Amino acid sequence: MKKTYLVTGGAGFIGSNFIHYMLQKYQDISIINVDKLTYAGNMENLAEFENDPRHCFVHADICDKDAMKKVMAEHNIDYIVNFAAESHVDRSISNPEIFVQTNVLGTVSLLNCAKQAWQTGEDTFKEGVKYLQVSTDEVYGSLGAEGYFEETTPICPHSPYSSSKASADLFVKAYFDTYKFPVNITRCSNNYGPFQFPEKLIPLIMNNTLQHKELPVYGDGMQVRDWLFVEDHCKAIDMVLNNGRLGEVYNIGGHNERPNIFIVKTIIEYIRQNVDSSVSEDLIHHVTDRKGHDRRYGIDPAKIKAELGWFPETPFEVGIKKTLKWYLDHKDWMAHVTSGSYQEYYKKMYGDQ
Ligand SMILES: NC(=O)c1ccc[n+]([C@@H]2O[C@H](COP(=O)([O-])OP(=O)(O)OC[C@H]3O[C@@H](n4cnc5c(N)ncnc54)[C@H](O)[C@@H]3O)[C@@H](O)[C@H]2O)c1
């Protein structure tokens with residue numbers, strides 16, 4: 001049976017990679033992509049599917065109940081994958097409210113619309129439907145030098161961003177516990193890959209290095225993140241949608257822990273060897289550390305490996321080269337994003353929807 005996916009935030013970094021992954025993998029699916037197109041949403045990420053009847057774009061806010069009810073009434077949705085979020089920690093420190101609005105209220109609103117659309121009885125829902133909340137390892141807080149986040153690790157977020165994601169997770173869990181609403185939550189580590197908005201570490205450092213600009217590094221740069229190639233994340237989400245046990249949380253990560261300063265130096269070295277031999281680590285500029293900056297994240301992916309057979313297929317050394325090459329090969333994309341002209345692209349292609 002042909003499946004219909006409602007993907008929210010599909011014009012962002014991971015959402016657009018997920019749409020690429022799914023439309024390349026499956027011929028007989030349709031994807032309804034709902035995105036508000038904030039500064040982080042870029043329809044150029046999906047240019048490949050402009051004329052593909054399997055991809056239908058709806059310009060809407062997940063907080064807009066009427067719009068979301070309309071989408072669910074017009075399409076026979078089987079799966080909802082909620083990527084839509086404000087996702088940048090620094091922005092959450094300067095403006096927490098929009099994070100509560102989209103990440104918490106938007107999630108609850110979406111859950112409620114889906115519950116109404118899928119309900120068949122008191123505690124029963126249409127056969128085979130599922131809501132998947134794309135969450136983050138940041139909800140667990142920070143680790144010391146030892147140990148890993150397991151699904152049973154208590155939630156202990158520190159930033160307004162991670163607190164909003166943790167709140168959303170609790171509502172998703174509440175919908176399962178209270179109504180038996182069919183859900184999964186995935187908590188993934190830091191992603192890297194194509195189409196990431198250049199406020200985030202890898203494209204930011206890449207862009208600045210190419211332009212011989214200072215490379216801002218928070219504090220000593222020894223904050224450790226568990227880096228996962230975005231395609232491996234997309235594959236995990238697909239597996240959880242298909243075979244994840246209802247109500248369960250699945251951690252996704254690859255035991256690929258690297259300090260931020262290592263990532264920065266890797267990028268400089270790649271550019272030095274492949275593009276411009278004059279760049280050096282002299283561009284690194286240590287700046288005052290982010291408030292409440294978590295020191296180390298590390299995921300234990302044992303559960304998703306054991307239950308669903310998922311593992312990270314892309315070694316960091318391969319994934320990072322692929323990623324950096326992608327940005328070099330897509331200088332127009334980067335130029336449009338950094339100049340803001342990517343927002344015009346949508347109007348040209350879709351009019352004033
Ligand atoms: N980037 C990571 O490393 C990472 C890791 C783990 C989990 N996550 C989670 O994955 C999801 C996607 O992250 P990302 O890095 O792709 O983010 P992103 O900022 O690149 O994309 C977010 C997308 O959501 C859209 N959006 C924002 N508010 C909306 C709203 N109210 N209604 C509809 N659309 C809205 C934006 O326009 C954008 O297209 C987020 O939920 C994030 O918490 C990200």
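This is a predicted model: local features need pLDDT of at least 70, side-chain atom pairs count only at pLDDT 80 or more; totals for chains, interfaces and linings use all residues.
Local features are taken at pLDDT of at least 70, side-chain atom pairs count only at pLDDT 80 or more, and totals for chains, interfaces and linings use all residues. Residues are numbered from 1 along each chain as its sequence is written, and side-chain values use heavy atoms, without hydrogens and water.

Start with helices H6 and H10. Helices here are DSSP runs (H or I, at least four residues), numbered from the N terminus. Two packed helices are described by the angle between their axes and the distance between the axes. H6 spans residues 201–210 and H10 spans residues 316–329. Their axes come within 11 Å and cross at roughly 55 degrees. That makes H6 oblique to H10. Angles under 35 degrees count as roughly parallel, over 145 as roughly antiparallel, 65 to 115 as roughly perpendicular and the rest as oblique. Axes are lines fitted to C-alpha atoms, for helices over the stretch in contact, and angles run from 0 to 180 degrees between N-to-C directions.

Which residues make this contact (heavy atoms within 4.5 Å)? H6 brings Ile202, Pro203, Met206 and Leu210. H10 brings Ile320, Thr323, Leu324, Tyr327 and Leu328.

Now turn to H8, residues 260–274. H8 packs on H10 at an angle of about 55 degrees, with the axes 11 Å apart. H8 and H10 are therefore oblique to each other. On the H8 side, the contact uses Phe262, Ile263, Thr266, Ile267 and Tyr270. On the H10 side, it uses Phe316, Ile320, Lys321, Leu324, Lys325 and Leu328.

Next comes H11, residues 331–339. Its buried residues (under 20% relative accessible area, 1.4 Å probe, protein chains only) are Trp333, Met334 and Val337. Seen down the axis of H11, they fall within an arc of 95 degrees, so they line one face of the helix. The arc is that of the directions from the helix axis to the C-beta atoms. These buried residues pack against H6, H10 and helix H12 (342–350). The face turned away from the buried side carries Lys331, Asp332 and Ser339, which are exposed (over 50%). After H11 comes Gly340, with a positive phi near 90 degrees.

Last, look at Leu308 in helix H9, residues 302–308. Leu308 counts as buried, at 13% relative accessibility. Leaving out residues up to four places away in sequence, Leu308 touches Met239, Val240, Asn243, Gly244, Tyr250 and Lys303. Met239 lies 69 residues from Leu308 along the chain, yet their C-alpha atoms are separated by 6.8 Å.

How values were computed:
Helices (H or I, at least four residues) and strands (E, at least two) are DSSP runs, numbered from the N terminus. Contact means heavy atoms within 4.5 Å.
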